[in-house]
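Please look over the fold and the packing in the model below. The report starts with one residue and its contacts, then widens to the chain.

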Amino acid sequence: MPAARSRRRVEANYWPGFVDALSSLLLVIIFMLSLFMLTQFFLGQELQGRDTALSRLNSQIAELTDLLQLERANSDDLTNQLATLTATLGAAQADNASLTSQLAGIGAGLGDKDATIAGLQDDLLSAQELSDEANAQVVLLNQQLAALRTQIGALEAALEASEARDSESRTQIADLGRRLNLALAQRVQELSRYRSDFFGRLRDILAGRADVRIVGDRFVFQSEVLFEPGQADISPEGTPQLDALAAAILQLETEIPPDINWVLRIDGHTDIRPISNARFPSNWELSAARAISVAQYLVTKGVSPNRLVAAGFGEFTPLDPGQTEEAYRRNRRIEFKLTEG
C-alpha cells in the first residue's frame, strides 16, 4: 500500500513539467506570430514606398520624353537653316571662282605684253644698224615701248588691287558667315526659350484637362473642345480656353524682343471620314475654316494679326493611323506652334 502511494506521487510529478513545457511552446509560437506580423507590416511599408518611387520615376520619364521631342524639332529647324546657309555660301564661292578666272585672263594679257616687249627690243637692236632716219624710228619705238611699260605697270597695279579685293572679299564672306551663324543660333536659342516659357505658362493655365495636351513642339486642342461636329464656329464652351491662350500670347508679345521674327501657327486637322455638310465640300475646307476661326477670335482679344498664321491640313497628317473612334477623336484637333516668321 505504501508502495502504491509512492508510485502515484512519482507519476503525478510529471504533469507540472509538461504544463510548463506547453506554456513555453505556446509563448514561442505567439512570439513567432508577432514577429511574422511585424515583418509583414514593415515589408508592406517598403513595397508601398517602392511603388511611390516607381510612379514618380515614370512621371519624370514622361516629362523627359516630351522635352526630347521638343529638342528634336528644334534640331530639325536648325538643320533647315544650315542648308540655307550652305546654299548661300555655294553662291558666294561661285562668284569667287568667276573673279579668279577674270584675274587669270588679266595675267594672260600680261604674258602677251611681255612677248610684245621682247619683239620691240629685237626691232630696236635691228634699227640701231640703220641710218639716221632709222634712228628716228628707233626713238619712236622707244616711246612706244615706254607707253607699253606704263600700260603694263597699270595692269600689274590693277592685278594687285584685284587680288587684294579678292582676299578682302574672302575674309568678309568668312566673317559674315560666322556672324550670321552666331546670330541665327542666338535667335533660335532665344525663340526656343520663349517657346518653352509659353508652353509652360499654357500648361499651368490649362492643367487638368485631358483634351488639351502637348505633342512634340505643339500645343494640341481636341476639336470637340472648340467646335460642334462638322462646324467651324467656336462654341461657347471653348471660349474660356481661347481666352487663356490669348492672354498668354499677349504677355508673350511684350516679352519677346521686336528684332525676333516669330508667329503662332494655327493648324486645323480632321479625321479621314468624309464630311457630309453642304457648307464645307471637304475636310480640307473644314480644317482651314476652323483654323481661321481661331485666329479671328484671338485677334478680337487683342492679338496682333501679323503674329498669327492659319493653315488647314484636312485628314492628311493624322496622329493615330487607326480607324477606331478613339483614333478619329485624337486626329480631330487644333494645333498651336510657336515658330519663326
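Leaving aside neighbours within four places in sequence, which residues is Arg332 in contact with? Arg332 is in contact with Phe221, Gln222, Ser223, Glu224, His269, Thr270, Asp271 and Arg273. Contact here means heavy atoms within 4.5 Å.

## Basis

This is a predicted model, in which local features need pLDDT of at least 70, side-chain atom pairs count only at pLDDT 80 or more, and totals for chains, interfaces and linings use all residues. Residues are numbered from 1 along each chain as its sequence is written, and side-chain values use heavy atoms, with hydrogens and water left out.

## Chain overview

The chain has seven helices and five strands. Both are DSSP runs, numbered from the N terminus: helices are H or I with at least four residues, strands are E with at least two. From the N terminus, the order is α-α-α-β-β-α-α-β-α-β-α-β.

Of the 341 residues, 28% count as buried. Buried means under 20% relative accessible area, exposed over 50%, and partly exposed in between, with a 1.4 Å probe and protein chains only. The accessible surface of the chain is about 21,700 Å². Carbon and sulfur atoms hold 60% of that surface. Areas come from the Shrake-Rupley method with a 1.4 Å probe; for residues, only the protein chains shown count as cover. Among contacts with a separation of 6 or more, 74% link residues 24 or more positions apart.

## The sheet

Five strands make an open sheet with mixed pairing, in the order E1-E2-E5-E3-E4. Its edge strands are E1 (212–215) and E4 (308–312), and each pairs on one side only. Two strands pair if DSSP finds at least two bridges between them. On average, neighbouring strands are turned by 25° against each other, direction ignored. Axes are lines fitted to C-alpha atoms, for helices over the stretch in contact, and angles run from 0 to 180 degrees between N-to-C directions.

E1 and E2 run antiparallel and are joined by four bridges. Val212 stands opposite Phe221 in E2. The hairpin of E1 and E2 has two residues between the strands, and Gly216 there takes a positive phi near 65°. In a regular strand the side chains alternate between the two faces of the sheet. E1 has a covered face with Val212 and Ile214, and an uncovered one with Arg213 and Val215. Four bridges also join E2 (218–222) to E5 (333–340), again antiparallel. Gln222 stands opposite Arg333 in E5.

## Helices on the sheet

Helix H5 (239–255) lies across E2, E3 (262–269) and E5, at about 160° to E3. Helix H6 (283–300) packs on the sheet as well, touching E3, E4 and E5. The direction of H6 makes about 160° with that of E4.

The 17 residues of H5 reach 24 Å from first C-alpha to last, close to the 24 Å expected at 1.5 Å a residue. The expected span is 1.5 Å times one less than the number of residues. H6 has 18 residues and should span 26 Å; its end C-alpha atoms are 26 Å apart, so the two values agree. Just after H6, Gly302 takes a positive phi of about 105°.

Buried residues of H5 include Leu242, Leu245, Ile249 and Leu252. Those of H6 include Leu286, Arg290, Val294 and Leu298. An α-helix has 3.6 residues a turn, so residues three or four places apart point the same way. The buried residues of H6 pack against H4 (223–226), H5, E3, E4 and E5.

## Loop residues

Arg332 sits in the loop between H7 (325–331) and E5. Arg332 counts as buried because its relative accessible area is 18%. Its side chain makes a polar contact of 2.6 Å with the side chain of Glu224. A polar contact is a pair of N or O atoms within 3.5 Å; within protein, one must be able to donate a hydrogen and the other to accept it, and residues adjacent in sequence count only if both atoms are side-chain atoms.

Thr270 is in the loop between E3 and H6. Its relative accessibility is 5%, so Thr270 is buried. A polar atom of the Thr270 side chain lies 3.4 Å from the backbone nitrogen of Glu315. Beyond four places in sequence, Thr270 touches residues including Asn283, Leu286, Gly314 and Arg332.

Pro274 lies in the loop between E3 and H6. Pro274 is exposed, with a relative accessible area of 75%. Pro274 and Glu315 are 41 residues apart in sequence, and their C-alpha atoms are 9.2 Å apart in space.
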